[in-house]
Amino acid sequence: MAESYMSKKYNRTMHCSTSPSSRDPDHRLSEDEMEDFIGHEIVISSKMDGGNFCLTNSTVYARTHAVPADHPQFDYLKSRHAAVKHSIPSHVSIFGEVLY
């Protein structure tokens, strides 16, 4: 049986109110919040959609960090994890996004 793992949740990334790819209005900046950026230097990034993961010294977790990753998109990551998991301290969790 898979071990259960609890970790702090990574904060959501807010989307511009005019972003066509954002689907959930709770995760969009309001028009007032958008105005806070006027007159300031900003960095714009493009989100590439993949699969969230968490690596521990024993397991590759997907999204919820409660169940090990079982989708084929994680197969390459699992092979890399097998080679380095011994070097991840027991108190460390590595979060990322699979784009392979």
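How many bridges join E1 to E3, and in which direction do the two strands run relative to each other? There are 5 bridges between E1 and E3, and the pair runs antiparallel. I shall build the presentation around that pairing.

First, the basis of the description. This is a predicted model, in which local features need pLDDT of at least 70 and side-chain atom pairs count only at pLDDT 80 or more, while totals for chains, interfaces and linings use all residues. Residues are numbered from 1 along each chain as its sequence is written, and side-chain values use heavy atoms, with hydrogens and water left out.

The chain contains 2 helices and 3 strands, arranged from the N terminus as α-β-β-α-β. Helices here are DSSP runs of H or I with at least four residues, strands are runs of E with at least two, and both are numbered from the N terminus. Of the 100 residues, 22% are buried; buried means under 20% relative accessible area, exposed means over 50%, and partly exposed lies in between, with a 1.4 Å probe and protein chains only. The accessible surface of the chain is about 8,100 Å², and carbon and sulfur atoms hold 54% of that surface. These areas come from the Shrake-Rupley method with a 1.4 Å probe, and for residues only the protein chains shown count as cover. Among contacts in the chain with a separation of 6 or more, 52% link residues 24 or more positions apart, a contact being heavy atoms within 4.5 Å.

Let me turn to the sheet. It is an open sheet of 3 strands in the order E2-E1-E3, with antiparallel pairing. E2 and E3 stand at the edges with a single partner strand each, so one side of each has no neighbour in the sheet. On average, neighbouring strands of this sheet are turned by 30° against each other, direction ignored; the axes are lines fitted to C-alpha atoms, for helices over the stretch in contact, and angles run from 0 to 180 degrees between N-to-C directions. Two strands pair if DSSP finds at least two bridges between them.

Towards E3, Phe-53 stands opposite Gly-96. On the E2 side, 3 bridges join E1 to residues 60-62, again antiparallel. Here Cys-54 faces Tyr-61, and Leu-55 has Val-60 as its bridge partner. The hairpin that joins E1 to E2 passes through 4 residues.

Which residues make up the largest nonpolar core? The core has 9 residues: Phe-53, Leu-55, Val-60, Ala-62, Ala-69, Phe-74, Leu-77, Ile-88 and Val-98. By definition, such a core is a set of buried Ala, Val, Leu, Ile, Met, Phe, Trp, Tyr and Cys residues joined through side-chain atoms within 4.5 Å. E1 and E2 each supply at least two residues of this core.

Val-98, in strand E3, is buried, with a relative accessible area of 9%. Beyond its neighbours within four places in sequence, Val-98 is in contact with Gly-50, Gly-51, Phe-53, Gln-73, Phe-74 and Leu-77. Its C-alpha atom lies 9.7 Å from that of Met-48, 50 residues away along the chain.

Leaving out residues up to four places away, His-81 touches Leu-55, Thr-56, Ser-58, Thr-59, Val-60 and Ile-88. Ile-88, with the same exclusion of residues up to four places away, touches Leu-55, Thr-56, Asn-57, His-81 and Ile-94.

Ser-87 lies in the loop between helix H2 (75-84) and strand E3 (94-98) and is exposed, at 51% relative accessible area. A polar atom of the Ser-87 side chain lies 2.7 Å from the backbone oxygen of Val-84. The C-alpha atoms of Ser-87 and Thr-56, 31 residues apart in sequence, are 9.8 Å apart in space.

Finally, the segment before helix H1 (31-35) holds Leu-29. Leu-29 is buried, with a relative accessible area of 16%. Apart from residues up to four places away in sequence, Leu-29 touches Met-14, His-15, Ser-17, Met-34 and Phe-37.

How values were computed. Polar contact = N/O pair within 3.5 Å; in protein donor to acceptor, adjacent residues only side chain to side chain.
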